[in-house]
Amino acid sequence: MMIIENAAIATVDARGSEYRNGHVVVDGDVLVAVGDGPAPAEYTGTRLDASGCLVTPGLVNTHHHLYQWATRGYAADSTLFQWLVELYPVWGRLDAEVTRSAASAGLARLALTGCSTVADHHYVFPRSGGDQMDALVSAVDRIGVRGHLVRGSMDRGESHGGLPPDHLVEDLDAALAGTEAAIDAHHDPAPDARVRIAVGPCSPFTVTERLMTDAAELARHKDVRLHTHLAETRDEERQCLAEFGCTPAEYAEKLGWLGEDVWLAHTVHLAGDAVRRMGATGTGSAHCPTSNGRLGTGIAPARGLLDAGAPVGLGVDGAASNESGGLGEELHQALLQARQRGGPEALTTRQALWLGTMGGARCLGREGELGSLEPGKLADLAVWDLGGLRYAGIDDPVAALVLGTTPDVKLLLVGGETVVADGRLHTADEAAVAAELSATSRRMR
Ligand SMILES: [Zn+2]
């Protein structure tokens with residue numbers, strides 16, 4: 001057993017229980033006790049004195065493109081469509097070795113910012129690029145976080161009115177076969193799963209209507225979740241209205257892409273009654289505030305979606321549009337953007353933490369075992385170090401986490417196993433991961 005004591009604790013349970021000086025007890029891969037004061041005497045084992053620290057659930061990242069860690073800093077001042085057009089030829093050089101090194105670096109960075117579960121949306125499958133999904137699973141195993149790997153796809157190249165060059169897209173049958181193979185090889189439905197697979201055609205402007213509908217059918221047949229980009233920019237909305245005569249959200253609903261088994265990245269431009277429809281159908285939103293700011297796409301209606309009853313989680317998005325790649329700071333950005341859009345009462349510090357934990361767990365269908373610190377749940381937690389100049393004297397530890405700069409992680413547990421200790425990656429050599437990535441990213445230029 002591991003007993004964490006003398007810490008401030010934000011459980012993110014349904015009552016929002018918090019303790020100024022509490023304990024968390026981990027037995028194997030589950031939490032067995034969480035509460036005020038010292039741990040009950042019946043628990044014995046390794047003790048961690050977490051004085052001056054805040055314990056929260058491990059953060060959940062609901063949208064990423066890990067391979068993009070190898071292509072950061074391109075098209076630094078462009079719109080989304082300009083950025084994509086500049087990057088597609090670069091991504092055409094992707095192979096499994098680059099993906100594994102980029103994913104390892106991206107996951108390491110996420111772990112070091114308190115993230116224990118990562119949804120990665122991978123949609124680039126160059127014909128001579130090797131086994132991309134295997135590379136991602138290998139990186140997830142190496143760093144030791146939980147992976148929700150979305151097998152993406154694009155089947156609509158330039159010659160069919162899509163944005164990507166033809167050589168970067170698959171045909172419909174290959175995309176569906178590759179998706180089914182990824183589910184069969186890697187999806188684990190067990191409650192303590194380390195790897196799950198979801199189905200993720202990339203976006204309305206890179207995927208045919210047929211692939212959207214067939215992919216949804218495949219996901220439901222296999223009982224896995226669905227994910228795609230939706231309503232990220234005004235350009236997408238204009239194109240959707242011109243081509244299909246409806247908004248992106250109406251298009252998604254028509255094709256079976258709203259529902260409790262769906263979470264959508266961005267959902268910035270939700271015209272008409274789309275916010276209400278997302279809430280009514282239980283469709284999740286992966287809110288990516290830094291990426292939206294980097295590309296200047298707008299501010300997603302996170303408050304409205306929460307009020308409508310939709311699950312809302314946070315996403316870093318790919319490191320090519322969020323070069324920082326850390327999840328802790330998305331708590332801060334989500335709060336700032338919600339208040340810029342809806343005023344000072346639009347999002348509280350506790351609600352920002354909820355988005356990054358339980359909101360994300362709900363998007364991924366993991367609310368039964370992740371997202372809060374409660375006995376019986378999986379032991380995925382972050383111990384944030386609030387010592388030193390950055391937090392000296394700050395009154396409220398949750399405000400320190402959400403309003404301050406991201407603290408160092410004193411301990412990150414995933415299923416009770418140590419992934420980060422004293423601000424350093426415990427599962428792999430950070431310097432080796434960085435050196436590998438530097439070498440492989442040079443090949444992408
Ligand atoms: Zn994305």
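Asp380 and Arg146 form a salt bridge in which the closest N and O atoms are 2.7 Å apart. The model is predicted. Its protein chain is divided into domain 1, made of 2-57 + 374-425, and domain 2, which covers 59-363. Between domain 1 and domain 2 the count is 4 salt bridges.

**Domain arrangement**

- The C-alpha centres of domain 1 and domain 2 are 29 Å apart.
- Domain 1 brings 30 residues to the contact, and domain 2 brings 28 residues.

**Interface between the domains**

- The size of an interface is often expressed as the accessible area that is lost when the parts come together.
- About 2,200 Å² is buried between domain 1 and domain 2, and carbon and sulfur atoms give 65% of this area.
- Across the interface of domain 1 and domain 2 there are 7 residue pairs in polar contact, with both residues at pLDDT 80 or more.
- On the side of domain 1 that touches domain 2, the elements giving two or more residues are the strands β5 (53-57), β14 (381-385), β15 (408-414), β16 (417-421) and β17 (424-425), together with the helix α13 (397-403).
- Helix α13 gives the most to this side of domain 1, with 5 residues.
- By residue class, the side of domain 1 that touches domain 2 has 18 nonpolar, 5 polar and 7 charged residues.

**Salt bridges in the structure**

- The count of salt bridges comes to 27.
- One of the pairs is Glu170 with Arg151, whose side chains meet at 2.9 Å, N to O.

**Aromatic pairs**

- The structure contains 7 aromatic pairs.
- Tyr67 and Trp91 count as edge-to-face because their ring planes stand at 80°, with the ring centres 5.3 Å apart; the cut-off for this class is over 60 degrees.
- Tyr67 is in the loop between β6 (59-61) and α1 (80-91), whereas Trp91 is in helix α1.
- The pair of Tyr67 and Trp91 links distant parts of the chain, 24 residues apart.

Note on methods
Residues numbered from 1 in each chain as written. Predicted model: local features only at pLDDT ≥ 70, side-chain atom pairs only at ≥ 80, totals over all residues. Heavy atoms only, no water. Domains from an automatic or database assignment. Contact = heavy atoms within 4.5 Å. Buried area = accessible area lost by both parts, 1.4 Å probe. Polar contact = N/O pair within 3.5 Å; in protein donor to acceptor, adjacent residues only side chain to side chain. Helix = DSSP H or I, 4+ residues; strand = E, 2+ residues; numbered from the N terminus. Nonpolar A, V, L, I, M, F, W, Y, C, P; charged D, E, K, R; others polar. Phe/Tyr/Trp six-rings, centres within 6.5 Å; stacked < 30°, edge-to-face > 60°.
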